Amino acid sequence: MRPTDLWRYEVRRAGWAALLTPPVATAALLLLALLDGGDDTDRTLLAALEMVLPLAAGVGAASLVGRDPAVELQLTVPTSYRSTLLRRLAVTLGWAALLAVLVAGILLATGGMPQERGALSGQLVWLAPTVWLGGLGFLAGAAFRSPAAAGGLVTTWWIVQQVFPGLLQGRDWSRTLYLFETTRGAVPEGWAANRLTLVATALVLAGLGWALLGRAERLLREEAE
Amino acid sequence: MRIEISGLVKTYKGKGRALDGLDLLVPTGMFGLLGANGAGKTTLMRILAGLLRPTGGEVRIGGYDVTGRAGRQAVQRVLGYLPQDLGVYPDLSAREFLDYVGLLKGIDDRATRRRRVGELLEVVALTGDADRRLRGYSGGMRRRVGIAQALLADPRLLIVDEPTAGLDPEERIRFRTLLSQLAGERTVLLSTHIVDDVAQTCRELAVLAKGRLVFRGTVDDLTRRADRRVWSVVTAGPAPTGGTVVSALPVEGGLRYRVVASVPPAPDAEPLAPTLEDGYLALAQPGAAEDAMRP
């Protein structure tokens, strides 16, 4: 178990963008829902929970690799750099998760959470897309070593799913990878399978990112073989 | 910690060979590595620090094979590394930066870490500025922070790449003295293209050119390479040709050139006693590198 001091530094290294985007996005949507004031307030919050927070977390995760000014030093210390990056990923996703639990709590208290979801299974509304986009961001960051390119990929995939939902919802197998199954899903009985598939594939994406980061010299951009 | 390198090759895609079958033995103590830009020094340093994997050949440090993962990790536990361009976190103060690096180097006990950081800030004369953010530090001050971080975990192997670049003359001398003091039981590998840094601190050195070893020996050996090859020529005309001009000093009647050449560059050329810099330049002359590696 590493000291809490190390985690304290990694919170600072995760960066303001990764730490500020989720609360700002949540606050903006809460404000929007409150201003809206109609019957759709809960629905707006639910959409924020499933769509906006995961996007913020995904972009935050994508920004972790490729912007570390001390990467050469990091790669020569006994603490492996990919462990350090994983710690920063945990900070980014953990912070988004904390806010998501808060919003989910509000929805559960106000009856805005779909009735068939309990307090525990309701957490999969945000957890599945958050870890999936987080995993994709981490992998893209490891592959491109550019926060802009990795963040762009995460955002593009999110927009594609928003604009062309039929692309994934049209087939049984691809429906399990649809990120917005709670708010825009076409087959309610496939919800649990969708959530669990998203979580499982997110672990695969993060694992691939982990493997890619194993070659230290890939991170020294100018030296890539 | 002895460093044994044999047949080391490093190839970059599209850039050719940075290291081309390098054989080198580095003993415990202070050791200099000289070479022009692009000679392969930084690539070698990075391989030794475990940052790059060689394309071929063997590297053993203190018995550990650094071409393998376990060996690299073992070496990194006893390594202090100062890269050529040390990146720092501008939002941290020097004290915080060193504290963070201390954690990464496995100094988990807070009190031990704080004591060590305090000592090193004193060594590099940054105690007064320790709580200022690194964003506001000059290049020389950042360099000193880099030196302090390299020494944090009391390393047995210290690899410093162009450590005096950006330091003012006083800081340079202080840092050179510090490195010499640290050597003792440690191995300190000093890579530089500033010949004087090696002349003032090392007894043994190697010279690289185009990824190959062109000299390995003592400072005196390299200096002797320029015996009967250093000349003084005073002229008001064009600079002497047929050799390497080391310096040009204005004197009455023109300029006094110091020239390294195998034959006198002018009929009135006077022979001079060589320095290490002359020896280094003599190596660059046609045929000299091959001669230098002959037993």
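Entry 1, ground rules. This is a predicted model, in which local features need pLDDT of at least 70 and side-chain atom pairs count only at pLDDT 80 or more, while totals for chains, interfaces and linings use all residues. Residues are numbered from 1 along each chain as its sequence is written, and chains are lettered from A and ligands numbered from 1 in the order in which they are written.

I found 12 helices and 0 strands in chain A (helices are DSSP runs of H or I with at least four residues, strands are runs of E with at least two, numbered from the N terminus). The radius of gyration of chain A is 18 Å, close to the 17 Å from the globule rule for 225 residues, so chain A is as compact as a globular protein of that length. That radius is taken over C-alpha atoms, and the rule is 2.2 Å times the number of residues to the power 0.38. I also noted that the C-alpha atoms of chain A fill a box of roughly 55 × 40 × 30 Å along the principal axes.

I looked up who takes part: 26 residues come from chain B and 20 residues from chain A (two residues are in contact if their C-beta atoms, placed from the backbone, lie within 7 Å). On the side of chain B that touches chain A, α3(B) gives the most, with 4 residues.
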